[in-house]
Amino acid sequence: MCGIVGLAGFTPVNQSIYDALTVLQHRGQDAAGIVTIDAMNHFRLRKANGLVRDVFEARHMQRLQGNIGIGHTRYPTAGSSSASEAQPFYVNSPYGITLAHNGNLTNVGPVRQRLFENGRRHVNTTSDSEVLLNVFASELDRSQRYPLTVEDVFAAVTATHRIISGAYACVGMIIDHGLFAFRDPHGIRPLVIGQRRLDDGRTEYMVASESVALDTLGFEFMRDVAPGEAVYVTLDGQLFTRQCADAPTLSPCIFEYVYFARPDSRMEGVSVYSARMRMGQKLGKRIAENWKDLEIDAVIPIPETSCDIALEIAQIIGKPYRQGFVKNRYVGRTFIMPGQQVRRASVRRKLNANRVEFAGKNVLLVDDSIVRGTTSQQIVELARDAGAKRVYLASAAPEVRFPNVYGIDMPSAEELIAHGRNVEEIRAMIGADALIFQDLTDLVEAVRADNPTIAQFDCSVFDGQYVTKDVDQAYLSYLDALRKDDARALQLQSETENLELHNEG
């Protein structure tokens, strides 16, 4: 999962893009990058691993000159998490193109090979975003003219849609031409566009992953970019849009509403905050009807996404809502323990139980979802250690039984606690006294209520139905291999750092 932003303006955009990335930080904390085009038609680029506030210092911001730029916050899905994978990427031909991408391509292997054999283009990283950039660049190169026309840009997007498959919301720039953005024909990953009118009558345009980025910078929300649609803004501020997909169908990722998006964002006409409230209402009614025998003393959210959900549940079942966990917002880097050990230890570093809300009580813990189950198990133990008599656990999402292939970092099926197990088996592994999951139909209804015209969501992590219809076991095995390679690389890096620390000591 990543955050993207693009801004075509008439004044320096470096600070605005930085501010937008800070409110999109929740979409990716692994790396960040900004690239601008200066007055000399040169790319000005800064990207590195780390949070936005750590990647960009004053000296970097001063170098990011120009009135047009794009930015990216990265959360790695498959492949390396090294600094070389940070975005935006750029190519020098044709003209000079830079691109940032949120999502994941599902046919990246064959496309990469085709680029090398037929397009004579070498992709230097494991990132599918670099593949996507080179596909677009290769198609744009077919125009063989300068300057490019609007038709040339939209033709390149149309051809790109026909070559690649998967989930992608993209933003990029072409030297001496302008800013472009486009979205996959299924609209799996979000993308919005906004405008800001200046006092002199000119209009600046901005695209971003979420509407909250527009709000922060004072841009007026125009609309969601449609599935398959392309946006092009010239350097002199002219806006062009066109549908570039052959058969677009809206299938937004439902997990955006469950967990990833900020509650103050709107996506496809749906308030994320309202959707989560309705998730709590649906789940609360289910608990009231089917779990009457539970003696619940308090409803306690697992911070932070589930807070609004838990409040609705508490009101419906008539039990007190309590903040039983305190979250440490300043958790530092873990230098020693890799992999699963880090995840287990980090729970107690991130959360602490407020004993007064647990001692001698039967508590209903509420989480947005349960993926691996490791965190849930640790949190149940935290509640018991704090004195809880019985610990019940409710999930605002159904059982996550299948891997995500569209840009969310979810493990292979074997690592998912719900894969191949029934609810009772999951409950026993987590150690809860009762385990309650949201019904998928209720989840869809909760999200769709604001916009009944959404006919279909991507619910593949719950039902295994992948909307691109090209995901098979071979591709899932390929993703699993990439994740294992990345894990081995991290293990080696950790061992090297530990050896260096030992030698220094």
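Before we look around, one term: contact means heavy atoms within 4.5 Å. Hello everyone, and thanks for coming. What you see is a predicted model, where local features need pLDDT of at least 70, side-chain atom pairs count only at pLDDT 80 or more, and totals for chains, interfaces and linings use all residues. Residues are numbered from 1 along each chain as its sequence is written, and side-chain values use heavy atoms, with hydrogens and water left out.

Let's start with the sheet. Helices (H or I, at least four residues) and strands (E, at least two) are DSSP runs numbered from the N terminus, and two strands pair if DSSP finds at least two bridges between them. Six strands make an open, antiparallel sheet in the order 5-6-7-8-12-13. Which strands stand at the edges? They are strand 5 (89-91) and strand 13 (239-243); each has a single partner strand, so one side of each is left without a neighbour in the sheet. From one strand to the next, the twist averages 20°. Inside the sheet, strand 8 (residues 178-183) and strand 12 (residues 229-234) are joined by five bridges in the antiparallel sense, and Phe 182 faces Ala 230 of strand 12 there.

Now for the helices on this sheet. For the angles, axes are lines fitted to C-alpha atoms, for helices over the stretch in contact, and angles run from 0 to 180 degrees between N-to-C directions. Helix 5 (residues 128-140) packs on the sheet and touches strand 5, strand 6 (97-105), strand 7 (166-174) and strand 8, with its direction at about 125° to that of strand 6. Helix 6 (residues 150-163) lies across strand 7, strand 8, strand 12 and strand 13, and runs at about 150° to strand 12.

There are hairpins to see as well. Strand 2 (residues 31-37) and strand 3 (residues 43-49) run antiparallel, joined by seven bridges, with Thr 36 opposite Arg 44. Five residues separate these two strands, and Asn 41 in the turn has a positive phi of about 65°. Strand 9 pairs with strand 10 (residues 203-208) over six antiparallel bridges; in that hairpin, Gly 201 takes a positive phi near 95°.

On to the interior. A nonpolar core is a set of buried Ala, Val, Leu, Ile, Met, Phe, Trp, Tyr and Cys residues joined through side-chain atoms within 4.5 Å, where buried means under 20% relative accessible area, exposed over 50%, and partly exposed in between (1.4 Å probe, protein chains only). The largest one has 54 residues, and those with the most contacts inside it include Phe 255, Val 299 and Phe 462. Apart from it lies another core of 32 residues, among them Phe 89 and Val 123.

Finally, the aromatic rings. Rings of Phe, Tyr and Trp (its six-membered ring) pair if their centres lie within 6.5 Å; planes under 30 degrees apart count as stacked, over 60 as edge-to-face and the rest as tilted. How many aromatic pairs does the structure hold? There are 14. In one of them, the rings of Phe 255 and Phe 462 have centres 6.0 Å apart and planes at 40°, so the pair is tilted. Phe 255 lies in helix 8 (residues 255-260) and Phe 462 in helix 15 (residues 460-463), so this pair ties together parts that are 207 residues apart in sequence. Phe 255 is buried at 3% relative accessible area, and Phe 462 is buried at 8%. Elsewhere, Phe 136, Tyr 168, Phe 180 and Phe 182 form one aromatic cluster.
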